[in-house]
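Please keep the sequence and the structure in view while reading.

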Amino acid sequence: MLSKFKVSSCGTHHINDDVPLYDKRFSEVLKFHPPGLAPVKDQSGAYHIDASGKPAYQSRFNRTFGFYEELAAVENEEGAFHIYPDGASVYTERYTWCGNFQEGLCPVRNLKGSYFHITVTGAPLYGAKYYYAGDFKDGVAVVCNNQGLSTHINNQGHIIHDQWFEQLDIFHKGFARAKDKSGWFHVDMKGEEIYQRRFEDLEPFYNGVAHARDQTGSLLLINEKGETLQNISHKSVDDMGALSSDMVGFWKSFTIYTALQLKVLDFLPNSTEEIAKGSSLSAPSVQRILKALWELDIVDMKTGDYWELTSKGRLMTPSDKAPMAFAGQMWIENNLEIWKTLPDILRDPGQEVPDYFLDIQKTPSQQLKYYKALEGYALNDYKDLPSKIDWSQHKNILDVGGGLGSLLFHILNSHSHLEGTLLDLPSVTRLVQIPQELQKRCHLLGSNFFEDWGQTFDALIMCRILHDWKDSEALKLLKQASKSLNSNGRLYIIEMVTDEKTPMGGLLDLNMLATTGGKERSLPEWKCLLEEAKLSLKKVTPLSNISSFLEVGFK
């Protein structure tokens, strides 16, 4: 019967077949829920009424919401909490926000801004606190940590898999929508992707198929393998405009490079006049470079000709210390001329590419920019790596080609029982500054990593090292790793894993070909290389849109 009761079009009362249920009118009304009560509001406050329009109790609140499992969320001056149908409080605790009970559990937010779930008695389900917690469905809910990443918990409050995503839904027919830096996809009950493809938008599966929109704007129908069953509508983008934008992509690189060279960003926030004084440029010149940076969303113009850095812009300041400022210079100074040789390299793939790392050693300032840039990427891409590995099984680790050591320091700071060694060229290890607190547990090994590493280790790390080399050299490094790994040890590789069904990694692959003669590899290619090195791939976990975590051991 309740399903027949509707909210009137004017939102002041309820109707049944367009006939008002009662004479009274309210300022706000919501729909009826079992046990036959609806939230309303008038001059006296917010409360619940029955189908005759009569109050269900005497109490008044600031806000009332619908009954779910015969408990309703309400708010008053004390905070948010739940009541029974007679208006009595379910528990004494007060929160800044309450959700609705589903499957006997409800998400709440406490005075400190933390989210968790409570039972129908008001008791916390578990001790953990999250940045967000969603409703339970079929015994599973989504929670979000303080890094903005989401995972699933069960109705005991336990995390059911150790996979974390930028966005995540509850399960529907055994699969959940998930989003990483590359886009949307589906995961199974273990939190593992069921295909490698990524989409701009995605719906849950309905009887084995789902609607998806790809990065070109095309609307597709896909199956549970991520394969396109039908192209429903084609992209509606301006091909001419998109192609033109691609062709002049170097405009963006040089605009950023110019701003860094002139240190324009270092004088923000400020007015055009003050930026001109600081950078020794004319005001019109400052206006022109700032407008281009504005178009790139690096700066923003406020009222009165006043400029501020955006979140992107702040990644490049101060320009003499920010890793991404070094990256902006590196791409122009180190890589631009190399890319001009790409046609010749593709005509003759067998030709020897100049030794990129030997060349940058010849100019110490360029070498420093390169490794500072890599440090910036590492700090962003690998920040979650310490939590992805069970480090309790290891005592000593070797970071192969570890650059300035940011990843190794991060791991050692997170796990006080570990000792670490950083292996890189002597010209690189001379630049490394080991933090004071790690000097007893961190060691430097300045050597060519194609030569013997001198000892064995419980764990080896190779982060974006193997893609620098063609297969023959990559195999040498893997054989060296195999020789330097203890019998029960693990090799942890962080690299892109390409997929022949998607274009992801195509441009990066060309960059590796042009600069070092290296390549990006697919999962079958990784397995083949590891097999030749007498190693076995145990697990693959996506870390970001360009990195996956490969756990490797002996067969």
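**Pocket lining and overall picture**

In this predicted model, the lining of the second largest pocket draws at least two residues from each of strand E17 (176–180), helix H9, strand E31 (497–498), helix H15 (523–532) and strand E33 (535–542). The protein chain has 555 residues, of which 48% are buried, and its secondary structure comes to 15 helices and 34 strands.

**The second largest pocket**

- The space in the second largest pocket comes to about 1,200 Å³, and among the 48 residues that line this pocket, those closest to its centre are Asp 180, Glu 193, Arg 198, Pro 542 and Ser 544.
- Strand E33 supplies the largest share of the lining of the second largest pocket, with 5 residues.
- By residue class, the lining of the second largest pocket consists of 16 nonpolar, 15 polar and 17 charged residues.

**Overall dimensions and contacts**

- Taken along the principal axes, the box filled by the C-alpha atoms of the protein chain is roughly 90 × 65 × 55 Å.
- Among contacts in the protein chain with a separation of 6 or more, 43% are between residues 24 or more positions apart.

**Nonpolar cores**

- The largest nonpolar core contains 40 residues, and the members that touch the most other members are Trp 453, Met 462, Leu 491 and Ile 493.
- Helix H13 (residues 471–483) gives this core its largest share, which is 5 residues.
- A second, separate core has 38 residues, including Leu 37, Ala 73, Leu 105 and Val 143.
- When neighbours within four places in sequence are left aside, the contacts of Leu 491 are Leu 460, Met 462, Leu 478, Ala 481, Leu 485, Leu 535, Leu 550, Glu 551 and Val 552.

- Strand E6 (residues 45–49) is largely enclosed by the rest of the structure, because 5 of its 5 residues are buried.
- This burial covers both faces of E6, with Gly 45, Tyr 47 and Ile 49 buried on one side and Ala 46 and His 48 buried on the other.
- Strand E5 (residues 38–42) runs antiparallel to E6 and is joined to E6 by 5 bridges, and the two strands form a hairpin with 2 residues between them.
- Within this pairing, Val 40 has Tyr 47 in E6 as its bridge partner, and Tyr 47 is one of the buried residues of E6.

**The E13-E14-E15 sheet**

- An open sheet is formed by 3 strands in the order E13-E14-E15, with antiparallel pairing.
- Strand E13 (132–133) and strand E15 (150–154) are the edge strands of this sheet, each of them pairing on one side only.
- Strand E14 (residues 140–144) and E15 run antiparallel and are joined by 5 bridges, and Val 142 stands opposite His 152 in E15.

- The buried residues of helix H11 (residues 406–414) are Ser 406, Leu 407, Leu 408, Phe 409, Ile 411 and Leu 412.

Key:
Residues are numbered from 1 along each chain as its sequence is written. This is a predicted model: local features need pLDDT of at least 70, side-chain atom pairs count only at pLDDT 80 or more; totals for chains, interfaces and linings use all residues. Side-chain values use heavy atoms; hydrogens and water are left out. A nonpolar core is a set of buried Ala, Val, Leu, Ile, Met, Phe, Trp, Tyr and Cys residues joined through side-chain atoms within 4.5 Å. Buried means under 20% relative accessible area, exposed over 50%, partly exposed in between (1.4 Å probe, protein chains only). Helices (H or I, at least four residues) and strands (E, at least two) are DSSP runs, numbered from the N terminus. Contact means heavy atoms within 4.5 Å. Two strands pair if DSSP finds at least two bridges between them. On a 1 Å grid over the protein atoms alone, a cavity is a set of points where a 1.4 Å probe fits but cannot get out, and a pocket is an open set with protein on both sides within 12 Å along at least five of seven lines; lining residues have an atom within 4 Å of a point. Grid points are joined across faces, edges and corners, and a volume is the space filled by probe spheres set on the points. Ala, Val, Leu, Ile, Met, Phe, Trp, Tyr, Cys and Pro count as nonpolar, Asp, Glu, Lys and Arg as charged, and the others, Gly among them, as polar.
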